Amino acid sequence: MESIGLIRNFLKDRLGVEPENVVPGAALAELGVDSLMMLELMFEFEDRFGIKLSRDIKTPRSVGEMVSLMDRLIAQSKS
Amino acid sequence: MCQRRVAITGLGLVSPYGGDLADFFRHLCAGESAVGYLQTDDLPRPLSMPFVSCPAFDPDVALGKPLASMMDRFAQFAMAAAFGAWDDAGLPRKNEAENRDDWGVAWGTALGGTMAYEKGYRELWQKGRERLSPLTVLLGMNSSANAHISIQLGLGGVSMSHTVACASSAIAIGEAFRRVRSGEATVMLTGGSDVPQAYGVARAWEALRVMAPGDAETSATACKPFSAERRGLVLGEGGAALVLEDWDHAVARGARIHGEIVGYGTTCDHSHLVRPEAEGQIRAIQLTLADAGLTAADIDYVNAHGTATAEGDPVEVAALKAVFAGRAATLPVSATKSMHGHLLGGSAAIEAIVTVLALRDGSIPPTAHLGQLDPACTGVDHVTTARHGQPLRAALSNSFAFGGSNAVLAFRAVDL
């Protein structure tokens, strides 16, 4: 569950969103993540896990989609 | 062409004293310096210099975390000052009732988002990283301040920034003034902000040998414009904003009018990058008076550029003497940079506010720390302690920048 922790820390730090609101069903847009914040969040993720995201990746809309994407990429990078 | 009158209906700033507008002006009138002693932990050699900081400014509180995190510090100052001026003008931040498509922003900044780029260089060269945050471009661009202001206040007209060294915000205010006067804009939000404590910037200023020295004990009195003992300027961070509004529009909505902006003139010495010439300054003052329909006899106060450099101060006094002639000896002049420091692109905006408040309240703030007047700076009425109860009719604010760019603004008190 490293991914959800990273997302919670990021949203708390950048947008002041309380971690208990960062749940799988929450829409990222409603938490205040616009396209720029999404870029920044992806950047943090790449940085933290040493992964390079492909440019044509489908932008996740919910926290849950973001977590699955991140978990999948982390798993791929480890295998 | 029918020209509109231009009312100043909103004033806002991030005060180095930490309080509101009235508190800021009270400190200035009391001759109290905001200059402190800046010490950083920069490598390889920390900064240690007299400097004006705004330690009480918390961008997360002033702007909210999401907005603050999208801005470099100079834009945070801009946005906070703009919100302050907007609220002061009694205008709603979110508007649905009135069309704001011809309302605009003209901002002044000399350095823009230098801090954002400096942070990038540190990441790359000091920390050995290979990439930078994608937000760096948006934090660093000089026009980020005006863009954020337009977005936050829903202003659909021109949104621009002016970079003219120490005259940046004088020119921003002047250009904003012209747009309202001509009828192109109903309201213009204008002003300036800068954050000169980026390590590379502060070191570069030191190298120019124009910075006043000082330590923990002496920094507060380090900036002494017009004094025989002056040693140079003191840099400071901050931001200041004004709302300029079509007079009839302001009256129709029952706005409080702080003062009237009536003239603007700008020239270039066209001779030297850093050695000012009286001739260019004289032309700027004369253009401004003519633009305002005022004569030298109408001016009751001049807020001088007065940075306390060896070369600048006597040239400015010479220019004032040339324009004001017989009136010069009784012309009240003060340089408030002695207290709020030199905000570079934000200077003219904070000084415009000082000038408007002086006219409105009938109080002239002093040049602080002016003990022994330099014989080369005599010939005007140097105000060294505040004068209250003055029936001030009109005033000028001078900005004479590196590059030889000069800009002067003229203001008139509201007839009560």
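Predicted model: local features only at pLDDT ≥ 70, side-chain atom pairs only at ≥ 80, totals over all residues.
**Where the chains meet**

Let's start with the contact between the chains: 7 residues of chain B touch 8 residues of chain A. On the chain B side, these comprise 4 nonpolar, 2 polar and 1 charged residues.

**The sheet of chain B**

Chain B holds an open sheet of 11 strands with mixed pairing, in the order E5-E4-E6-E7-E1-E8-E13-E12-E9-E10-E11. Strands E5 (159-162) and E11 (381-382) of chain B each have a single partner strand, so they form the edges and leave one side without a neighbour in the sheet. Further in, strands E9 (residues 299-303) and E10 (residues 332-334) of chain B run parallel and are joined by 2 bridges; B:Asn303 has B:Ser334 in E10(B) as its bridge partner.

| Helix | Strands touched or crossed | Angle |
|---|---|---|
| H8(B), residues 168-182 | E1, E4, E5, E6, E7, E8, E12 and E13 of chain B | about 175 degrees with E6(B) |

**A helix pair in chain A**

Over in chain A, helix H1 (residues 2-15) packs with helix H3 (residues 63-78) of chain A at an angle of about 130 degrees, and their axes are 8 Å apart. H1(A) and H3(A) are therefore oblique to each other, and H1(A) passes H3(A) in a right-handed crossing. H1(A) contributes A:Glu2, A:Ser3, A:Ile4 and A:Ile7 to the contact, while the residues from H3(A) include A:Val63, A:Met66 and A:Ile74. By class, the residues of this contact between H1(A) and H3(A) are 7 nonpolar, 1 polar and 2 charged.

Technical notes:
Residues numbered from 1 in each chain as written. Chains lettered and ligands numbered in written order. Contact = placed C-beta atoms within 7 Å. Nonpolar A, V, L, I, M, F, W, Y, C, P; charged D, E, K, R; others polar. Pairing = 2+ DSSP bridges. Helix = DSSP H or I, 4+ residues; strand = E, 2+ residues; numbered from the N terminus. Axes fitted to C-alpha atoms, helices over the stretch in contact; angles between N-to-C directions. Parallel < 35°, antiparallel > 145°, perpendicular 65-115°, else oblique. Left-handed = near helix turned anticlockwise from the far one by under 90°.
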